[in-house]
Amino acid sequence: MKAMRIHRFGGPEVLQLDEIDIAEPGPGEVRVRVAAASLNPVDYKMRQGGYARLPASALPVTLGRDLCGVVEAIGPNVSHVVPGEPVFAHLGWDRGAYAEQAILRVGEFAPKPETLTVIDAGSLPLAAMTAWQGLFDHGGLKAGERVLIHGASGGVGYLAVQFAKLHGAEVIATGSAANLDWIRSLGADQVIDYKAQAFEDEVRDIDLVYDLIGGDTRTRSWGVLKPHGRLVTTVSKEPVEEQAARHGKTGLLYFAHPDAEQLRTVAAMADDGRLQVMVDRTFPLEEAAAAHAYLQEGHPRGKIVLEVR
Ligand SMILES: NC(=O)c1ccc[n+]([C@@H]2O[C@H](COP(=O)([O-])OP(=O)(O)OC[C@H]3O[C@@H](n4cnc5c(N)ncnc54)[C@H](OP(=O)(O)O)[C@@H]3O)[C@@H](O)[C@H]2O)c1
């Protein structure tokens with residue numbers, strides 16, 4: 001099978017199309033024929049090197065943390081899925097989706113949302129799990145609370161805006177000017193142009209800051225929280241717990257994990273029309289390097305997806 005792998009760390013040019021053996025699914029696993037695999041910033045962070053979860057000793061690896069495809073082989077002890085079933089999945093760290101075939105474990109996949117294209121479905125899993133777990137499992141967001149979402153036009157942020165609004169929260173979101181009308185159309189009650197306005201001059205009394213940016217944006221966020229406000233972040237450069245303690249708040253960094261039940265919930269939201277899916281651009285698998293360059297430099301709205309034929 002064809003797999004887009006890296007043998008060394010570096011720029012997009014280190015992505016290389018290899019011919020490798022097709023793996024057989026072990027106990028509790030299935031093999032899928034991949035139709036679409038999305039790009040996430042973690043893919044280029046792994047490609048660049050220095051990412052804790054990918055030591056040089058693990059190379060070569062196939063990148064790609066989520067996909068949509070069709071089950072084609074089933075390992076021992078798997079009973080709830082049959083060959084031919086379309087699924088979407090968020091893979092564990094040890095496997096990649098930029099390939100014609102991928103191995104999934106039970107617990108990493110759910111039936112593909114029926115009304116979505118394979119491209120739209122493949123764009124969702126990692127970003128949706130991240131937004132859902134950040135807002136609800138870690139952030140404890142409740143209906144009626146005020147949430148500030150930084151990075152609302154990105155792959156995670158545009159879903160977070162929708163999940164928070166559908167949950168009954170008051171949503172304030174930051175993004176750049178060209179995306180503000182779109183972010184409002186997703187359900188944001190207030191939008192802030194992060195390049196033209198200082199968000200700390202525009203908002204206060206926030207219950208939860210959902211931080212997809214880090215750095216100075218995070219540093220400036222402590223002051224907009226209510227006295228017992230919380231901040232949840234996906235970005236790890238500075239130790240967030242220490243920062244939070246200095247400001248007398250709660251702060252937490254987390255890593256999203258696959259969750260089949262949450263994937264089912266997201267699929268239902270898509271199928272009953274409550275969730276808008278935004279794919280900015282698709283690229284063929286063979287052009288993964290151009291897709292990486294575009295994600296890093298191109299200011300995409302929503303997600304980038306690789307199409308696997
Ligand atoms: N811990 C985890 O489990 C986990 C999971 C998923 C993602 N992440 C991390 O979370 C971050 C976001 O992921 P993503 O997939 O949403 O990334 P993305 O699709 O690249 O989106 C980032 C967005 O942030 C916007 N932005 C940049 N600077 C901003 C600022 N100062 N204020 C507000 N918005 C700003 C960009 O908009 P413009 O282009 O218009 O500037 C862009 O749309 C990444 O660092 C990623 O690695 C972590």
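Helices (H or I, at least four residues) and strands (E, at least two) are taken here as DSSP runs, numbered from the N terminus. In the predicted model, Asp-205 is accordingly placed in the loop between α6 (199-202) and β12. The phi angle of Asp-205 is near 55°, a positive value in a residue other than glycine. With a relative accessibility of 42%, Asp-205 is classed as partly exposed, since this class covers values between 20% and 50%.

Positive phi is also found at Asn-77, where the angle is near 65° and the residue is again not glycine. Asn-77 lies in the loop between β5 (66-74) and β6 (86-90). Its relative accessible area of 71% makes Asn-77 exposed, the threshold for that class being over 50%. A further backbone feature is the peptide bond from Leu-59 to Pro-60, which is cis, with omega near 0°. Pro-60 belongs to the loop between α1 (41-48) and β4 (61-62).

Helix packing was examined for α3 and α9. Two packed helices are described by the angle between their axes and the distance between the axes. For helix α3 (residues 125-138) and helix α9 (residues 260-271), the angle is about 105° and the axes are 10 Å apart. Angles of 65 to 115 degrees count as roughly perpendicular, and α3 and α9 are therefore roughly perpendicular to each other. On the α3 side, the contact is formed by Pro-125, Ala-128, Met-129, Trp-132, Gln-133 and Asp-137. The α9 side contributes Gln-262, Leu-263, Thr-265, Val-266 and Met-269. Of the residues in this contact of α3 with α9, seven are nonpolar, three polar and one charged.

Nonpolar side chains tend to be buried together in soluble globular proteins. In this model, the largest nonpolar core comprises 49 residues, among which Leu-135, Val-147, Phe-163 and Tyr-210 touch the most other members. Two or more residues of this core come from each of α2 (118-123), α3, β9 (146-150), α4 (157-166), β10 (170-175), α5 (180-185), β12 (206-211) and α9. The largest contribution is that of α3, which supplies seven residues. Because domain 1 (2-124 + 277-307) and domain 2 (127-253) both give residues to this core, the core lies between the two domains. A second, separate core contains 38 residues, including Met-46, Val-87, Phe-283 and Tyr-294.

Notes. Residues numbered from 1 in each chain as written. Predicted model: local features only at pLDDT ≥ 70, side-chain atom pairs only at ≥ 80, totals over all residues. Heavy atoms only, no water. Axes fitted to C-alpha atoms, helices over the stretch in contact; angles between N-to-C directions. Parallel < 35°, antiparallel > 145°, perpendicular 65-115°, else oblique. Contact = heavy atoms within 4.5 Å. Nonpolar A, V, L, I, M, F, W, Y, C, P; charged D, E, K, R; others polar. Core = buried A, V, L, I, M, F, W, Y, C linked by side-chain atoms within 4.5 Å. Buried < 20%, exposed > 50% of the residue type's maximum accessible area, 1.4 Å probe, protein only. Domains from an automatic or database assignment.
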